[in-house]
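User: I'd like to learn how to read the features of a protein model step by step. Could you take me through one?

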Amino acid sequence: MPLTLPQIRRNCAIARTRMQDARNQRWAFGAFNLDDEATLKAVTKAALKLQAPVLVEVSQGEVDDIGLYNIRDLVDNFKAEYGIEIYINLDHSPSVEAAKKGIEAGFEFIHIDISQANHDASDEEIIRATKEVVDYARLTGASVESEPHYFGGGSSLFKQDIDYEEIKKTFSTPESAKHFVTSTGIDTFAAAVGNLHGKYPVPKILDLDLLKSIREAINCNISLHGGSDTPGHYFREAVKIGVTKININSDMRFAYRRTLDKVLAENPDEISVSKLISKSVIDAVSAVVESKLLDFNSAHRMIKI
Ligand SMILES: [Zn+2]
C-alpha cells in the first residue's frame with residue numbers, strides 16, 4: 001500500500017531531524033545499496049544486532065528492476081516487522097523526472113545526479129535541474145543531495161590502480177562546494193575527497209584536511225560516496241569532522257558474489273539457491289555492514305520511529 005502524504009511528510013521530518021542528530025553527535029548513517037531482498041535482510045540483521053539506524057538505497061538500475069513502490073513496501077514491511085530505524089535514499093537519480101517519482105513514492109532522501117547521467121552537462125544545467133528537485137521536494141520534506149560535477153568510478157571490481165593525480169582533478173573544493181550549496185539549496189553535499197565508486201587493487205586515500213575545509217565552508221550535511229575498500233580509520237576521522245552519510249555498495253556485492261560462488265561450488269546438488277543465500281550469503285554481507293556501522297559510530301543510536 002502506498003504511504004499517504006501525511007505519513008511521508010512525517011517520515012521525512014524524522015529523517016531530517018536524525019541527520020541533524022548525527023551531525024551533532026558525530027556519527028554517520030550507513031547508506032547501503034539494496035540489490036534484492038537478501039541484501040535488505042543482511043542490512044536489517046546488522047542494524048538489529050548493533051541497534052544502528054540505517055539507510056538503504058537504490059539507483060536507477062534497481063528501481064527499474066524492483067520498482068519504486070515495491071521497494072518502499074518491502075522496506076516498510078521490514079521496518080514494521082523488526083522495529084528497525086530505516087530510511088530510503090534514491091541514489092544517483094539520473095533526471096529531474098526520476099527524482100520527482102522518488103519523492104512521490106515517499107523516499108526520505110533523494111540524490112539527484114545530473115552530471116553522472118550526462119558528463120557534458122554545464123554547471124548551469126546541473127544547478128537548474130538540482131534546484132528544480134529541491135523545490136519539488138518541499139511537497140514531502142525529502143532531503144536532497146547532489147554534487148556539482150561528475151564523480152568517478154562505478155560500483156564494480158577494477159583491476160587497475162587508482163591514478164590519484166587524475167582523481168585529484170575531480171576533488172571538491174571549499175569554494176565550489178559553497179557556491180553549489182548556495183545556488184541550489186541542497187540539504188546534503190556529496191563531497192569528493194579521494195572517495196571513489198568501486199573496488200580497486202589498492203585501498204583508497206581520503207584527503208581529510210580538504211574534508212575539514214569543506215565542512216567549514218558549508219552548513220549542510222556532507223556525504224561520502226564510493227566508501228568501499230576505504231580503511232576504517234578514514235571513516236572514523238570523517239565522522240568526527242562531520243560527515244553524516246556514507247555510501248557502501250561494492251564491498252557488499254563482493255562479499256555476496258564470493259560467498260555465493262563458494263557455496264554453489266560446495267553444494268552442487270542443492271537446487272534451491274535461495275537456501276544457500278539464506279544460510280551463508282546473508283551472513284557474509286551482514287558482516288560487511290556491521291563493520292561499517294562500527295566505523296561510522298552509529299551502533300546503539302537507533303530510535304523507535
Ligand atoms: Zn554513489
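Predicted model: local features only at pLDDT ≥ 70, side-chain atom pairs only at ≥ 80, totals over all residues.

User: Let's begin with the strands. What do they form, and in which sense do they pair?

Analyst: The general idea is that strands of a sheet pair through backbone hydrogen bonds, either parallel or antiparallel. Here 8 strands make a closed barrel with parallel pairing, in the order β1-β2-β3-β4-β5-β7-β9-β10. From one strand to the next, the twist averages 25°.

User: How many bridges join β3 and β4?

Analyst: There are 3 bridges, in the parallel sense, between β3 (residues 86-93) and β4 (residues 109-112). One of the contacts you can look up is S93, whose bridge partner in β4 is I112.

User: What about charged side chains? How many salt bridges does the structure hold?

Analyst: It holds 26 salt bridges. Let's read a few of them together with their surroundings. D76 and R72 meet at 2.8 Å, N to O. These two residues are 4 apart in helix α4 (residues 68-82), which means about one helical turn separates them.

User: Are D76 and R72 buried or exposed?

Analyst: D76 is buried, at 15% relative accessible area, and R72 is buried too, at 1%. For another setting, look at K212 and D209, whose closest N and O atoms are 3.9 Å apart. That distance still counts because the cut-off for a salt bridge is 4 Å. K212 and D209 are 3 residues apart in helix α10 (residues 208-217), again about one helical turn. K212 is partly exposed at 40% relative accessibility, and D209 is exposed at 57%.

User: Which partner does K169 have?

Analyst: K169 meets E166 in a salt bridge of 2.6 Å, N to O. K169 is exposed, with a relative accessible area of 62%, whereas E166 is partly exposed at 43%. Salt bridges can also link up into a network, as they do for K199, D229, D251 and K292.

User: How many disulfides are there, and why?

Analyst: A disulfide is a covalent bond between the sulfur atoms of two cysteines. The count here is 0 disulfides. For C12, the closest cysteine sulfur is that of C220, 17 Å away, so it is too far for a bond. Read from the other end, C220 is in no disulfide either, with the sulfur of C12 as its nearest at 17 Å. C12 is buried at 0% relative accessible area, and C220 is buried at 7%.

User: How do I find the two faces of a helix? Which residues of α5 are buried?

Analyst: In α5 (residues 96-104), the buried ones are V96, A98, A99, G102 and I103. They cover an arc of only 160° around the axis, which means they lie on the same side of α5. The face turned away from that buried side carries the exposed residues E97 and K101.

User: Last topic: backbone angles. Where should I look for a positive phi?

Analyst: Most residues other than glycine have a negative phi. R26 has a positive phi near 60°, and it is found in the loop between α1 (5-25) and β1 (29-33). Q51 has a positive phi of about 50° although it is not a glycine, and it lies in the loop between α2 (37-50) and β2 (54-58).

User: What is the relative accessibility of R26 and Q51?

Analyst: R26 is partly exposed at 36%, and Q51 is partly exposed at 34%.

Methods. Residues numbered from 1 in each chain as written. Heavy atoms only, no water. Pairing = 2+ DSSP bridges. Axes fitted to C-alpha atoms, helices over the stretch in contact; angles between N-to-C directions. Buried < 20%, exposed > 50% of the residue type's maximum accessible area, 1.4 Å probe, protein only. Disulfide = S-S within 2.5 Å. Arc of directions from axis to C-beta.
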